[in-house]
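Visitor: Hi! Could we go through this structure together? I'd like to start with the aromatic rings.

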Amino acid sequence: MQLSLITALALLVLTAVGFLAGRSRALALADKDGGRLHSLPGYHGYYVAIWAGLPGFAFLALYALAGTMIVDTIVLGQMERAAQPLQVRYEQALTADEVWPVADREIARLEGEIAALRGEAEQVIAAEGVQSDAVTALRGRQDELQFAQDDARFTRDARADVIASEILHAVPEAGDHALARAGFEFGRLPVQEREVFLADARALAFGDGLSSRDTAELRATADALGPVHSAIAWGASLGALGLALAGLALARTHLAPRFRARNRVEWVISAALALASLIAILTTLGIVFSLLFESLRFFAAIDWRVFDFLFGTQWSPQTAIRPGQIGQSGSFGAVPLFAGTALITLIAMMVAAPVGLFAAIYLSEYADSRVRAWAKPALEILAGVPTVVYGFFALLTVGPLLRDFALFLGYEDAVTQSALSAGLVMGVMIIPFVSSLSDDVINAVPQSLRDGAYAMGATKSETIRHVVFPAALPGIVGALLLAVSRAVGETMIVVMAAGQAANLTANPLESVTTITVQIVTLLTGDQEFNSPKTLSAFALGLVLFVLTLILNIIALRVVQSYREKYD
């Protein structure tokens, strides 16, 4: 059993002991003084239990969050100090080499030329526009220089690897030199590969998962991690238990007949609720800032062509992965994705809005209690069906049926995966969102409005059309906007029923794709995380976040307006 788990169990025991000790102390004080306690004995027990458990658990949580980082920092410091002589020899060898300095100067020269071309391109764009031939020529020249710079960087890095291998070959793998070799290798790794190195070392040291490789350098790092981790873990456990015991003893001395234990306990509960709210807010901010920062990296990678991204009509995110690759410069015009998302959402709402609204009107105004008792739950079952099941249904049933029907009508280009197939099935999926919310809104309309309409001689249908529906309209609009937000964020149905082709078309019988599908495609598989292709997923996510946020804000404002009027 892990030491942290044992410590957590011990803290739970001390918390229970603190409750019993505080409660018994409060009862003893009441019997001794013959007076009345300000707070119930249970509150005194909770007060001592909080002091016994909260500091210890907080310290243990702090160790869980920062313990690994502390251990890694200490071990990496040891590795850096051990590798210092090798690093000095490596830098001296690079300086004395004939190839590496030349390649490094070539990279700096090409970087200057690329920066100059970027400035010239910005001036031409301002004068002639984005689509001018001069801009195209400048971007072609910039791509050539970028490939040349990548080639020079490859030559420089290859030479550096040769020099590093020669230095490591002269150092024994065993003994005291193993940690130095590990520190030298870790220092030369790219930033994105260092965490993999540490994860492999932890796997060898503690058996947490499987290591992707087993080398002498990793073994040396694992041997260094073990003692440091053990010392930090024991220190955290003893510190948590010490805080728990100290808190229990200190809190017990505070108890007195007039001690306001209930106020203290309720303050802690209020603070815990406020902390939970703060965590939710910080989580939202973290999502927003992560999308924003990665989107800024994407726009910087495409030379801040934000206009091209938002209004371009060609989506082909494939980019070159090696110098000299032809035809893979990447096109990031997201209009086909926006259009596909809008088309499928429109079709879905054309199904869900009337069906869901008519169902809500029938259930709330026309159906008797027996029909409503089974019809409303049966309709809401649709919301519980997994979206992958809807996707299978669209791919195997709806898609072929629509294709055969289109071929029967003479449309020869019909395909199985189409926007119409995805939209129809998605509309069925979001019917409960419209019907349930609209039903609740219609039922919330005061009965006095209906009675007044009946008193004026209106029929039931006239009352619904001219009184109930206008009164419930703000809430119904809110339900429709929430359903639109649900449709915009759907992925699985679109992947299986509409395909992944980024077509800019208004024909519902053709294959299209959406923003969410492209995000999944770009982030799935073995992708280079710092390439424009992968980073474009975050820009798409930011756009989708803004769109759904606007829709939700509008829906909430409409619903709030309704509630203010009829609550």
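Visitor: So, how many aromatic pairs are there?
Guide: The count comes to 11 aromatic pairs. Keep in mind that this is a predicted model.

Visitor: How is the pair of F299 and F309 arranged?
Guide: That pair is edge-to-face, with 5.6 Å centre to centre and 75° between the planes. F299 sits in helix α9 (residues 261–301) and F309 in helix α10 (residues 306–311), so the pair links distant parts of the chain, 10 residues apart.

Visitor: Are F299 and F309 buried or exposed?
Guide: F299 is buried, and F309 is buried too.

Visitor: And what about F307 and F311, how do they pair?
Guide: Their rings are tilted, at 4.8 Å centre to centre and 40° between the planes. Both residues belong to helix α10, four residues apart, about one turn of the helix. F307 and F311 are both exposed.

Visitor: Which residues do ring pairs link into a cluster?
Guide: The cluster holds F298, F299, F309, W315 and F332.

Visitor: New topic: at what angle do α15 and α17 pack?
Guide: Helix α15 (residues 431–443) and helix α17 (residues 460–488) pack at about 155°, and their axes are 8 Å apart. Because angles over 145 degrees count as roughly antiparallel, α15 is roughly antiparallel to α17.

Visitor: Is their crossing left-handed or right-handed?
Guide: The crossing of α15 and α17 is right-handed.

Visitor: Which residues make the contact?
Guide: On α15, F433, V434, L437, S438, V441 and I442 take part. On α17, the residues include V468, A472, G475, I476 and R486. By class, the contact has 12 nonpolar, two polar and one charged residues.

Technical notes: Residues numbered from 1 in each chain as written. Predicted model: local features only at pLDDT ≥ 70, side-chain atom pairs only at ≥ 80, totals over all residues. Heavy atoms only, no water. Axes fitted to C-alpha atoms, helices over the stretch in contact; angles between N-to-C directions. Helix = DSSP H or I, 4+ residues; strand = E, 2+ residues; numbered from the N terminus. Parallel < 35°, antiparallel > 145°, perpendicular 65-115°, else oblique. Left-handed = near helix turned anticlockwise from the far one by under 90°. Contact = heavy atoms within 4.5 Å. Nonpolar A, V, L, I, M, F, W, Y, C, P; charged D, E, K, R; others polar. Phe/Tyr/Trp six-rings, centres within 6.5 Å; stacked < 30°, edge-to-face > 60°. Buried < 20%, exposed > 50% of the residue type's maximum accessible area, 1.4 Å probe, protein only.
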